[in-house]
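Q: Hi! Could you walk me through this structure? I'd like to start with the aromatic rings.

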Amino acid sequence: MLNLLAVLCFVAGVVLLAYSLHTMHRLSNMLRQVLEGHFQETGWNETHMSRLEGQFARFVAANALSRQRLAAEQSRIKELVSDISHQTKTPLSNIILYTQLLEECELPADGQDLAHEINHQGEKLHFLIDSLVKISRLENGIIQASPQVRQIRPMLEEVTAAWQPKASKKNITLALDPGQDFTACFDAKWTAEVLDNLLDNAIKYTPAGGQVRINADCFQMYCRVSVIDNGIGLSETEQAQVFERFYRAPAAAGQPGVGLGLYLARQIIAAQQGYMRILRRKSGGTEFSFFLPCGNTASLS
């Protein structure tokens with residue numbers, strides 16, 4: 001009798017295990033189909049599994065509808081961004097051009113000042129709209145970074161040379177630290193724009209007679225490009241906010257700018273699978289660094 005009971009328990013355990021394995025297999029297939037977006041019900045009955053299949057089917061249908069609506073919204077945003085870019089480019093360029101021509105005319109002192117201010121505000125508005133359009137295009141995938149493995153030193157030298165006149169005009173020493181060249185995976189055009197933004201801020205917020213340095217290092221997985229200045233610096237609170245849209249530190253309130261450069265820089269670096277970091281230097285000033293994936297030197301040979 002005990003032997004029969006043991007056999008029955010063993011058989012029941014085997015049946016239960018087989019049923020559990022079959023149920024887990026069905027659930028695994030259902031989840032895989034849900035993730036792939038082509039889930040289909042096998043049929044309808046009053047079992048819990050059938051009701052679960054129905055819920056999965058409704059979820060997939062709702063998710064597909066959401067994707068369609070998102071795609072339509074992104075298409076609408078693309079059209080809107082293109083319209084804004086097209087409709088504002090020509091009028092703004094004309095305003096700036098006519099103001100520059102007006103400044104060349106013989107005007108009273110106050111008229112000359114007003115013409116200069118109109119030109120300044122026009123340039124500021126042009127920069128703001130251009131930055132917003134770039135950000136929108138990046139965020140909505142209209143413009144995508146195209147990283148390639150290449151030498152990083154030529155890009156650093158080109159950007160440094162372009163900013164030398166502005167640094168010299170303010171009596172600031174701008175230098176690219178010597179070092180060995182190495183490869184990284186990056187989009188040269190967009191990464192140069194990031195470096196432009198960092199150098200613009202460093203020169204803008206460093207007093208006359210100060211120093212701005214650029215250095216680059218390569219590690220096992222990432223390479224680092226740093227812009228180091230001895231300017232006004234940032235507090236810990238400001239470091240946490242400086243990458244937000246339109247944020248400007250209180251000490252920078254009197255300087256030109258709209259607070260979009262660093263936000264755009266971080267978006268560009270993130271699009272290249274990199275990241276940015278800020279360090280407040282004990283000796284004064286700030287160190288902005290961006291990190292990019294290292295390149296494979298063998299791919300260049």
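Q: How many aromatic pairs does a search of the whole structure find?
A: The search finds 2 aromatic pairs, and keep in mind that this is a predicted model. One of them joins Tyr 222 and Tyr 275, with an edge-to-face arrangement: 5.5 Å centre to centre and 75° between the planes.

Q: And where in the chain do Tyr 222 and Tyr 275 lie?
A: Tyr 222 is in strand 5 (residues 222–229) and Tyr 275 is in strand 6 (residues 275–280), so this pair links distant parts of the chain, 53 residues apart.

Q: Is Tyr 275 buried, exposed or partly exposed?
A: Tyr 275 is partly exposed, because its relative accessible area is 39%. Its ring also pairs with Phe 291: the centres are 4.5 Å apart and the planes are at 5°, so that pair is stacked.

Q: What about Phe 291, buried or exposed?
A: Phe 291 counts as buried, because its relative accessible area is 5% and the cut-off for buried is under 20%.

Q: Which residues form one aromatic cluster?
A: That would be Tyr 222, Tyr 275 and Phe 291.

Q: New topic! Which residue lies over the face of Trp 190?
A: Lys 189 does, at 4.5 Å from the ring centre. Arg 150 lies over the face of Phe 186, at 5.6 Å from the ring centre.

Q: Okay, and how many cavities of 30 Å³ or more are there?
A: The structure holds 1. The lining of the largest cavity includes Ile 152, Asp 181 and Ala 216.

Q: Which classes are in that lining?
A: By class, the lining has 4 nonpolar, 2 polar and 2 charged residues.

Definitions and conventions. Residues numbered from 1 in each chain as written. Predicted model: local features only at pLDDT ≥ 70, side-chain atom pairs only at ≥ 80, totals over all residues. Heavy atoms only, no water. 1 Å grid on protein atoms, 1.4 Å probe; cavity = no way out; pocket = protein on both sides within 12 Å on 5 of 7 lines; lining within 4 Å. Points joined across faces, edges and corners; volume = space filled by probe spheres on them. Nonpolar A, V, L, I, M, F, W, Y, C, P; charged D, E, K, R; others polar. Phe/Tyr/Trp six-rings, centres within 6.5 Å; stacked < 30°, edge-to-face > 60°. Helix = DSSP H or I, 4+ residues; strand = E, 2+ residues; numbered from the N terminus. Buried < 20%, exposed > 50% of the residue type's maximum accessible area, 1.4 Å probe, protein only. Lys NZ or Arg CZ within 6 Å of the ring centre and 35° of its normal.
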